[in-house]
Amino acid sequence: MSAPGPASHNVAERVNYLCDQAMVAVHGTPLADQITAIRQRMSEPLRVAIAGRVKAGKSTLLNGLVGERLAPTDAGECTKVVSWYRQGFGYEVRATLTNGESRELRFRRDDGRLDINLGRFNIEEIDRIDVAWPSSNLARVTLIDTPGLASLTRAASVRTHDFLALGNEDRQSEADAVLYLMRHMHRRDAEFLEAFFDESLANTSPVNAIAVLSRADEIGAGRPDALDSAAHIANRYSDDERIRALCVSVRPVAGLLAETGATLEEHEAASLRALAGIEETELQSMLLSVDRFLKPETSDLLVETRQDLLGRLGLFGVRLAIRKIQAGEAVSAVDLSRILIDASGLEELRALLEQHFTARALALKGRSALASLRNCANDLIQLDRNTGRRLLGEIEQVESATHAFAELRLLHMMLTAQIRLSDDEQAEVNRLTGGGTLEQRAGLDPDATDEQIQQVALAGIARWRQRASSPLLDRNQADAFEIAARSYEGIYAGVAR
Ligand SMILES: Nc1nc2c(ncn2[C@@H]2O[C@H](COP(=O)(O)OP(=O)(O)OP(=O)(O)O)[C@@H](O)[C@H]2O)c(=O)[nH]1
Ligand SMILES: [Mg+2]
């Protein structure tokens, strides 16, 4: 098999080529299975891990993203295991045991929640749980829920550390990208994000992390402007150079509003309507605090029902829903669902996931694949020094010759402020390297003509190449600008094709 030509921009093709080369080299050794897995992973959806400190709202946000209550929230043994949620043709739950064996687990839906029965296994024997579920929201990403870091039960925290290969240079994380949830920026949060940096592919890491300011509705004790305050804090974090160097973006999200918005039932809407009918002064006083809300004499609604509503919506969500019903903007569960999802910030997060992760899925998966292949090549060196070295050389060559990886380097340099760009230029680089259509990457409307795209591309080539030629730049900075120019060349060539 011949190497893909230098003009090839196809990451998958190049990684597959490397896997084929590696397979010849490792045939008959235990490394062969690893190479098969690396190749297989390239054709699967992008793996996005949801990580963060204990009770940051990870599982709730995962449910919001899937639109179903699959991941266990609050207590329960299953919150202590790394759990994968991937698209399946049918419904299946499996456990991978610590001894490597795989077992099917029984499950049922309990009041909308997925309830997994661990059977005779105890949690220490289970390495991970795999849930296959027919959901269109899992078509392009596989979501991985991780136990809280620095959790009270240290064992669970260690599992997440292991899974993400934190602080372990010899192993590659099983995730291609991470959503890191934090309630407020904490020193440990910064340490965690830094550890997720993957040194193995020269400085490309912040490109695969998005930080989420989670449980945003609780900021400022759930005041009506909680989400505005959260947005303000998130913007401040985004402007902080230290945080910018750790992730592509910071977004506030109220995962609970998203999860409940996606799963709200008509009987819950009916309870909210009943509350909205309470006399105004009484209602105001009732909505002041959780304690008052639960006082038996304030409403005919059962205290348990009110407790359930609080669990599903939080005080902020209950207030929001009641006010929208009173304003005539919502009656049914469908209306309320839309309002809750709008308020949650979920759609903005989805847009970020699309822009930064799924649109760059091939490059991010390829990056993981190269890191894993490099580990295999290093192991191979122990068995057969020359072949292992030759494979390492080929990996280096593919890494430096593949433009999609160069674009990740450009992004990295931008995020870590190694090159200084205006806000407009940063938006341009994000667009240019974003993996959208030619029109999108050129910043044009979908109905732009070929000539218009080519004009923008030519102007882009000239502008970025001019910057690259500045004598004030060091070699890396000049390379970064050159990468942008080459991306525009790719757009130009794409039109001509
Ligand atoms: N008000 C509010 N509560 C939330 C939000 N997200 C999660 N919670 C609540 O916070 C608690 C913990 O949520 P989980 O989703 O289980 O958090 P987690 O990070 O998965 O927790 P561990 O897996 O145990 O580390 C639950 O009671 C949730 O209902 C949110 O956006 N707003
Ligand atoms: Mg959890």
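Modeller: One term before we start: a crossing is left-handed if the near helix is turned anticlockwise from the far one by less than a right angle, and right-handed if clockwise. Also, this is a predicted model.

Biologist: Okay. Which way does helix 17 pass helix 21, left-handed or right-handed?
Modeller: The crossing of helix 17 and helix 21 is left-handed.

Biologist: Which residues make that contact?
Modeller: Helix 17 uses H403, A406, E407, R409, L410 and M413. Helix 21 brings N476, A480, I483, A484, R486, S487 and G490.

Biologist: How do they split by class?
Modeller: Six are nonpolar, four polar and three charged.

Biologist: At what angle do the axes of helix 17 and helix 21 cross?
Modeller: Roughly 130 degrees, and the axes come within 9 Å. That angle makes helix 17 oblique to helix 21.

Biologist: New topic: ligand 1. Which residues come nearest?
Modeller: There are 19 residues around ligand 1, and G57, T60, G148, L256 and G314 come nearest. Helix 3 (58-66) and helix 8 (255-263) each give two or more residues to the shell. The largest share, three residues, is from helix 3.

Biologist: What does G52 touch, leaving out residues up to four places away in sequence?
Modeller: K58, G148, L149, Y180, L181, M182 and S214. G52 and R183 are 131 residues apart in sequence, yet 9.2 Å apart in space, C-alpha to C-alpha.

Note on methods. Residues are numbered from 1 along each chain as its sequence is written. Chains are lettered from A and ligands numbered from 1 in the order in which they are written. This is a predicted model: local features need pLDDT of at least 70, side-chain atom pairs count only at pLDDT 80 or more; totals for chains, interfaces and linings use all residues. A residue is near a molecule or strand if its C-beta atom, placed from the backbone, lies within 6 Å of it. Helices (H or I, at least four residues) and strands (E, at least two) are DSSP runs, numbered from the N terminus. Axes are lines fitted to C-alpha atoms, for helices over the stretch in contact, and angles run from 0 to 180 degrees between N-to-C directions. Angles under 35 degrees count as roughly parallel, over 145 as roughly antiparallel, 65 to 115 as roughly perpendicular and the rest as oblique. Two residues are in contact if their C-beta atoms, placed from the backbone, lie within 7 Å. Ala, Val, Leu, Ile, Met, Phe, Trp, Tyr, Cys and Pro count as nonpolar, Asp, Glu, Lys and Arg as charged, and the others, Gly among them, as polar.
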